[in-house]
Amino acid sequence: MSWKILLFGAINLTCTGFLLMWCSSTNSIALTAYTYLTIFDLFSLITCLISYWVMMRKPSPAYSFGFERLEVLAVFASTVLAQLGALFILKESAERFLEQPEIHTGRLLVGTFVALSFNLFTMLSIRNKPFAYVSEAASTSWLQEHVADLSRSLCGIIPGLSSIFLPRMNPFVLIDLAGAFALCITYMLIEINNYFAVDTASAIAIALMTFGTMYPMSVYSGKVLLQTTPPHVIGQLDKLIREVSTLDGVLEVRNEHFWTLGFGSLAGSVHVRIRRDANEQMVLAHVTNRLYTLVSTLTVQIFKDDWIRPALLSGPVAANVLNFSDHHVIPMPPLKGTDDSNPVTSTPTKPSSPPPEFSFNTPGKNVSPVILLNTQTRPFGLGLNHGHAPYSSVLNQGLGVPGIGATHGFRTGFTNIPSRYGTNNRIGQPRP
């Protein structure tokens with residue numbers, strides 16, 4: 001296969017060389033525009049050779065998806081270069097309208113048939129897989145649409161032609177025939193009336209047809225290079241994703257992304273969250289089986305539901321302690337600073353100031369205060385010292401804090417916590 005492509009490439013270079021010489025001798029820009037189609041055939045043969053090389057290569061660690069995108073890049077480059085050639089022809093034609101040169105028709109018709117014969121022979125002899133796919137998948141050009149309208153009318157009269165002209169003709173065959181037809185009209189008008197301006201008009205027509213034919217292919221291959229999802233498979237992919245989300249054990253399907261890897265091949269990745277008791281391999285097999293009908297290269301990441309109830313205690317808890325949901329954390333107000341307050345009156349005092357004028361349960365001035373024992377719960381941090389209580393008495397009455405004493409105001413379910421409840425660096429120090 002490769003030697004055949006190389007042979008046609010050599011013949012193409014020979015024909016292109018002769019056509020360029022005839023373009024110079026005839027001074028015909030229309031023949032030059034038509035010769036650019038032969039140069040495009042050379043790019044098409046190079047693309048076919050790249051496609052053949054890609055088929056023989058296998059994915060490697062550096063290129064895990066293979067080399068299929070080289071075909072896409074080759075098609076995109078070929079069509080863009082053909083459009084640039086058409087723009088060059090339009091620029092030259094605009095200059096010729098200002099000063100139309102004389103056209104020699106000696107080699108014009110010969111060059112037309114040589115270029116047409118070689119182009120058709122190349123397309124019929126070499127099966128170019130990338131361009132064949134793009135010509136079918138890309139949107140129709142304006143030339144194909146107009147020819148399709150004429151073909152419907154013609155096939156209504158002669159039904160046997162529907163297999164040739166419908167649903168739409170090959171765009172490369174169509175542009176070759178249309179360009180040859182324009183050159184034939186140019187030859188006749190110049191031979192009959194010496195109407196040289198028709199050569200420029202034919203060059204503009206061939207350039208516009210070339211640009212209109214190549215533009216949809218450039219857009220399609222460009223979208224493939226941008227890793228977009230083909231519009232015609234979005235509905236099918238949505239349906240498959242819904243089917244996957246209903247599989248047994250599947251909780252959620254997210255982060256799905258599908259794109260065109262090459263011509264006719266899709267790649268994709270998806271994250272699937274499953275139940276904690278589901279079989280990962282079984283779910284993976286079912287998901288892959290559902291999506292493999294459309295996506296040839298698929299990456300599925302399975303992860304189990306990792307929801308865990310938060311625990312309030314990090315240490316060991318006795319078996320007869322209540323459940324976590326039955327406990328509540330009671331925030332304790334912070335201790336106030338006691339450097340500048342009196343333990344009896346809780347008012348600021350100075351070292352040199354006399355005793356306060358009043359105190360709790362004192363009959364008059366300057367009398368030593370007597371602190372009466374009060375078993376009622378007082379707010380924590382007011383500077384009231386109830387004395388020290390051992391851990392045993394504290395735990396017998398409920399939850400307590402060393403240095404405060406028995407606190408009857410707070411009740412929790414932690415009644416059977418071991419005697420070693422925690423550590424406090426204030427044990428043995430009197431609370432101010």
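The model is a prediction, so local features need pLDDT of at least 70 and side-chain atom pairs count only at pLDDT 80 or more, while totals for chains, interfaces and linings use all residues. Residues are numbered from 1 along each chain as its sequence is written, and side-chain values use heavy atoms, with hydrogens and water left out.

The protein chain has twelve helices and three strands; helices here are DSSP runs of H or I with at least four residues, strands are runs of E with at least two, and numbering starts at the N terminus. Of its 432 residues, 33% count as buried (under 20% relative accessible area, with exposed meaning over 50% and partly exposed in between, for a 1.4 Å probe and protein chains only). Among contacts (heavy atoms within 4.5 Å) with a separation of 6 or more, 73% join residues 24 or more positions apart.

On to the helix packing. H2 and H3 have axes 9 Å apart and pack at an angle of about 170°; axes are lines fitted to C-alpha atoms, for helices over the stretch in contact, and angles run from 0 to 180 degrees between N-to-C directions. H2 and H3 are therefore roughly antiparallel (over 145 degrees; under 35 is roughly parallel, 65 to 115 roughly perpendicular, and the rest oblique). The residues in this H2 contact with H3 split into 15 nonpolar, seven polar and three charged.

Phe40, Ser44, Thr47 and Ser51 make the contact from H2, with Lys129, Pro130 and Phe131 on the H5 side. By type, these residues are three nonpolar, three polar and one charged.

Two of the names in that contact, Phe40 and Phe131, turn up again with Phe172 in one aromatic cluster. Ser78, found in helix H3, touches this region too: leaving aside neighbours within four places in sequence, Ser78 is in contact with Phe40, Phe43, Thr47 and Phe131. Ser78 counts as buried, at 5% relative accessibility. A polar atom of the Ser78 side chain lies 2.8 Å from the backbone oxygen of Ala74, where a polar contact is a pair of N or O atoms within 3.5 Å; within protein, one must be able to donate a hydrogen and the other to accept it, and residues adjacent in sequence count only if both atoms are side-chain atoms.

As for aromatics overall, the structure holds nine aromatic pairs. Rings of Phe, Tyr and Trp (its six-membered ring) pair if their centres lie within 6.5 Å, with planes under 30 degrees apart called stacked, over 60 edge-to-face and the rest tilted. Trp53 and Phe67 are edge-to-face, at 5.5 Å centre to centre and 65° between the planes. Trp53 sits in H2 (residues 29-56) and Phe67 in the loop between H2 and H3 (69-98), so the pair ties together parts 14 residues apart in sequence. Trp53 is partly exposed, at 39% relative accessible area, whereas Phe67 is buried, at 12%. Phe211 and Tyr215, on the other hand, have ring centres 6.2 Å apart and planes at 15°, so that pair is stacked. Both lie in helix H9 (residues 197-225), four residues apart, or about one turn of the helix. Phe211 is partly exposed at 31%, and so is Tyr215 at 47%.

Arg96, in helix H3, counts as buried at 15% relative accessibility. A polar atom of the Arg96 side chain lies 2.9 Å from the backbone oxygen of Asn27. Beyond neighbours within four places in sequence, the contacts of Arg96 include Ser28, Ile29, Pro101, Ile103, Asp199 and Thr200.

Finally, the backbone. Most residues other than glycine have a negative phi. Asn194, though not a glycine, has a positive phi of about 55°; Asn194 is placed in the loop between H8 (171-193) and H9 and is exposed, at 53%. Asn255 also has a positive phi, near 55°. Asn255 lies in strand S1 (residues 250-262) and counts as exposed at 51% relative accessibility.

Key: Nonpolar A, V, L, I, M, F, W, Y, C, P; charged D, E, K, R; others polar.
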